[in-house]
There are 4 protein chains.
Amino acid sequence: MANSRYEYVRNRELPDPLLPNAYFVVRIDGRGFHKFSKHYDFAKPNDLNALNLLNAAATAVMRQLPDIVLGYGVSDEYSFLFRRRTELFDRRASKIVTTVVSTFTAAYTFLWPQYFPDRPLVAEMLPTFDGRAVVYCTKKEIRDYFSWRQVDCHINNLYNTTFHALMDKGGMSNTDAEARLSGTVAADKNEILFSQFGINYNNEPEIFKKGNVAFRDLKKLVEGEEQPENLKLEDMNLDKEFSSKNAKAKARRRIQKAEIVVQHVDIIQDYFWNERAPWILADE
Amino acid sequence: MANSRYEYVRNRELPDPLLPNAYFVVRIDGRGFHKFSKHYDFAKPNDLNALNLLNAAATAVMRQLPDIVLGYGVSDEYSFLFRRRTELFDRRASKIVTTVVSTFTAAYTFLWPQYFPDRPLVAEMLPTFDGRAVVYCTKKEIRDYFSWRQVDCHINNLYNTTFHALMDKGGMSNTDAEARLSGTVAADKNEILFSQFGINYNNEPEIFKKGNVAFRDLKKLVEGEEQPENLKLEDMNLDKEFSSKNAKAKARRRIQKAEIVVQHVDIIQDYFWNERAPWILADE
Amino acid sequence: MANSRYEYVRNRELPDPLLPNAYFVVRIDGRGFHKFSKHYDFAKPNDLNALNLLNAAATAVMRQLPDIVLGYGVSDEYSFLFRRRTELFDRRASKIVTTVVSTFTAAYTFLWPQYFPDRPLVAEMLPTFDGRAVVYCTKKEIRDYFSWRQVDCHINNLYNTTFHALMDKGGMSNTDAEARLSGTVAADKNEILFSQFGINYNNEPEIFKKGNVAFRDLKKLVEGEEQPENLKLEDMNLDKEFSSKNAKAKARRRIQKAEIVVQHVDIIQDYFWNERAPWILADE
Amino acid sequence: MANSRYEYVRNRELPDPLLPNAYFVVRIDGRGFHKFSKHYDFAKPNDLNALNLLNAAATAVMRQLPDIVLGYGVSDEYSFLFRRRTELFDRRASKIVTTVVSTFTAAYTFLWPQYFPDRPLVAEMLPTFDGRAVVYCTKKEIRDYFSWRQVDCHINNLYNTTFHALMDKGGMSNTDAEARLSGTVAADKNEILFSQFGINYNNEPEIFKKGNVAFRDLKKLVEGEEQPENLKLEDMNLDKEFSSKNAKAKARRRIQKAEIVVQHVDIIQDYFWNERAPWILADE
């Protein structure tokens, strides 16, 4: 057929596999969200509707891609951890990353009216996200990655909470508030909040302080359904060796049926990984 | 700051630059659009509303990213050609590809109600796209790439037009129509269309036969504005050397102001490249 | 300076870093060694001089590059394991691999006359090697990699030993010997060797059965020198955290002074890794 | 077979193809040649024996790999240009680069005694080289690449010639000579050479001023053999389309038989590319 003369260009596509048997995180970031959040008048320092929309979009991504075992989001970013042995799209990086980004974008755009019913999107200012995959070898690195994001969340939220208190309640200008906070450490900001504005930072909402941890809650499911006597939660990880193909298929069904929950909990300490969701990073 | 302990994970991100000074095409493809188009009841063999929406989304991408010099779309795919020397996002592949995919997805989702006012999107079936960048060294390869896509468009459209005529007008079953077309060449299909259904394939709409060619029409603009005596259209290519920084900045403004048009014209022959839009692949 | 006009081409070099914090193996293979070994009349099925030369070249590589913690060689190939956190050449793949290949080639060529004094190299048939780096995330994968190579050594040696016995002692032709072995399993070959030729494969030299395991013997060194009371051998791994910079520098000196030994021992079972050289893959 | 349990590690090797249909240069550099040249007492500022050995090693590489169409060497480096459409080793970068490096190293080591008969190599100081592949899209970039290297050769040689004249003939110390040349331009150095030492730089040997250009001289061959009436030299490029498979095979044989010459000529101007060796970068 005449096509063959040109079809050679198809072979110019270069392979881009992610390293086999390695963890990887796909992180997406809002593009120009400073401007975007201003345009749609997001509440400062945190907009609860915007966070709920972010979580709804992340949940849509995780429902589509069962090999994502954990999500963590804050502000206009979300990180998705894939299980180590996933063979999704033959581990082709661009296919995986664009699918995450597109699914997230479609859901965010589609769900917008539910979260901002009185502020319709306009064509000139649509929500868009870029993304990248980052490969990690060890559980320690994965733990450290999510600790990095959660510490970042805390630092930014403490700063922003104090900054906006100085302006909104203290009547300071933007510049003065910035100058006031320059060089301060966490303790200073806590002190400002408490002594000047009567705010105990510890009592701020967990969603702002801890960010958003999205995962399949196998506990609920496993409790709800009939659970084999000997099944341990930490074994419900598809990267592990199963006693049989059948056992693996069963686990897969169970995982896909599990509810995807979003919690605002600590993921730096061991408790989350060992007790709350021990199947996410199971021992090999 | 406490963060530093974890921040090392940031350095795990590997560089992914596209080869400097090379052309590249970002092609996006609808995910699961067979099912998607069925669900939303797209007309067969071609849905004009869906194509117009596709073009509207592509136009939104090209308005956002002025370094895209050409788009070509058909069915549920679109290819975007970037100019050779673009320094967009330092040529990082994942950043470029995800930005294209996300901008396309957001526009497609947002504009949907304008093109399908009576068929609202549902959360379980949102439009999503994957994407990839492919690098090409020469103008010949770029010409061949777009020829490949346009020949593909023709082959598929002739097949689909005949196939649906056999079913819709000829009353054949899906299986029978498939069997009837098995092993036929283009001339056979033309003959079936003409003799059985009185359809002259040449008179079919150009948008179905040729697909969709999106580009900035510098002619219109240049004619509309005051044009320097000595400016040649084939020089309006930002990859070329300009006489001065000022001349380049002028050209850039002009290009950004140009209307983005979508035409249904031949891009296999020379005419498009030499006469209609000679600035797209200018000589070096 | 006039140079600047052309110097831009320097920036066309693309980065090729190996994944940070991952193990990697550089494996080199003799190019055309079937022909090469014939030309220089290597003994069949194994040439002891050739193996000794191979080990000498590998030792030269490991002396040059202290971040190689293990080598394994057989026939005309050698695998070199780098410690996980090495920052050698900023982990640039091509720089690392070419340095290994070049150092190996130079040593092999230079040392040749010591091992084959009566068969001088000729210009038309020089020993050359290609190489590649392969990244692995886990200790298990590293163990499996070396098990793979040692099992391969065993399989090939059993086959070759039987094959050459059939020809050299049994008077079979090449083709007949091949046919005789077709479809046989290990037990069959052991049986042939024993019943037809009185050879007990278990009594064959370890160097042929197990291949060549090259590593720094810290035991010798540590025993020879004054050893801090509390130093454990499994802590002598530069990837581990040291109590101080000074402790690390001390360890580094000790490692560089250690004798590089080549042993013909099992590396599939745990003993080698846990008892003989516990510092090679220390716990993190 | 027992092997299968470990063999999965084989699939960890990631693909590393060089961009199809692009030129690429493999450049090798001597490792630690400052120390190396001191140890073996190379003449300063240029050692003719060392350059001749470098050229002999490069010639050995080009004889092995007929798809190298040009070499350029100076000091302890050599650049090898591969023809654009080569399918050598499926264009796997590491295989190509290590083969070049290993072949070069083996030849350099083996041929050493011919060029330095009274200065035998010692095991502690063997010649080694690293290497890398760099991809280029256009003939212009290839021309600029080699211009870059040849300008570099000129700059360094003028500096070194003057520097050593100041020391060897002018009796200056290393430090004083360095200070004397600090901030000088080419004209200054020419003047120093001429007025202080009666040296006309233009009369220096071409090999030092221009470096070493290695290529297959098809002229000699084509003249020597019976040449088809209509064969043009600029058509003797295997990347071009040939009238038939037979014509291509003939050209290939001719190219492989051609003598590899090393000349010390200008490769910045057009003459070399258009007149002396028009087949190296033929029009597409």
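What share of residues 93-112 of chain A is helix and what share is strand, and how far apart are the end C-alpha atoms? Over that stretch, chain A is 100% helix and 0% strand, with the end C-alpha atoms 28 Å apart. UniProt, in an unreviewed entry, places the feature "transmembrane region" at residues 93-112 of chain A. UniProt positions are given here in the numbering used for this model, feature names are shortened, and annotations may be inferred rather than shown by experiment. Helices (H or I, at least four residues) and strands (E, at least two) are DSSP runs, numbered from the N terminus.

Before we go on, a word on conventions. This is a predicted model, in which local features need pLDDT of at least 70 and side-chain atom pairs count only at pLDDT 80 or more, while totals for chains, interfaces and linings use all residues. Residues are numbered from 1 along each chain as its sequence is written, chains are lettered from A and ligands numbered from 1 in the order in which they are written, and side-chain values use heavy atoms, with hydrogens and water left out.

Let us start with chain A and its annotated site. The unreviewed UniProt entry places the feature "binding site" at A:Asp29 and A:Asp76. These residues span 48 residues in sequence, yet no two of their C-alpha atoms are more than 5.9 Å apart, so they gather at one spot. A:Asp29 lies in strand β1 (residues 23-30) of chain A, and A:Asp76 is found in the loop between β2 (68-74) and β3 of that chain. If you set aside neighbours within four places in sequence, A:Asp29 is in contact (heavy atoms within 4.5 Å) with A:Asp76, A:Glu77, A:Thr128, A:Phe129, A:Asp130 and A:Arg132.

One of those partners, A:Glu77, leads us to another feature of chain A. The side chains of A:Glu77 and A:Arg149 meet in a salt bridge at 2.8 Å, N to O; the term stands for a side-chain nitrogen of Lys or Arg within 4 Å of a carboxyl oxygen of Asp or Glu. This pair links distant parts of the chain, with A:Arg149 in helix α5 and A:Glu77 in strand β3 (residues 77-82), 72 residues apart. Over all chains, a search of the whole structure finds 72 salt bridges.

Now look at how chain A meets chain B. The same surface serves both of them, since 100% of the contact residues of chain A recur in chain B.

How much is buried there? The size of an interface is often given as the accessible area lost when the parts come together. Chain A and chain B bury about 4100 Å² between them, 63% of it on carbon and sulfur atoms, where buried area is the accessible area (1.4 Å probe) that two parts lose on being put together, summed over both. In chain A, the residues that lose the most area to chain B are A:Tyr6, A:Phe110 and A:Trp148, together 16% of what that side buries. The contact itself involves 49 residues of chain A and 49 residues of chain B.

Charged pairs feature here too. Eight salt bridges are found across the interface of chain A and chain B; among them, A:Arg27 pairs with B:Glu13, the closest N and O atoms being 3.5 Å apart. On the side of chain A that touches chain B, α1 (4-7), α4 (93-115), β4 (129-136) and α5 (139-169) each supply at least two residues. Helix α4(A) gives the most, with 13 residues. By class, that side divides into 24 nonpolar, 12 polar and 13 charged residues; Ala, Val, Leu, Ile, Met, Phe, Trp, Tyr, Cys and Pro count as nonpolar, Asp, Glu, Lys and Arg as charged, and the others, Gly among them, as polar.

Finally, turn to chains D and C. A rotation of 180° with 0.0 Å of shift along its axis superposes chain D on chain C (RMSD 0.0 Å). The area buried between chain D and chain C is about 4200 Å², with carbon and sulfur atoms giving 63%. In chain D, D:Tyr6, D:Phe110 and D:Trp148 lose the most area to chain C. Eight salt bridges cross this interface, including one between D:Glu13 and C:Arg132, whose closest N and O atoms are 3.6 Å apart.

How values were computed: Copies are superposed by least squares on the C-alpha atoms of residues with pLDDT of at least 70 in both.
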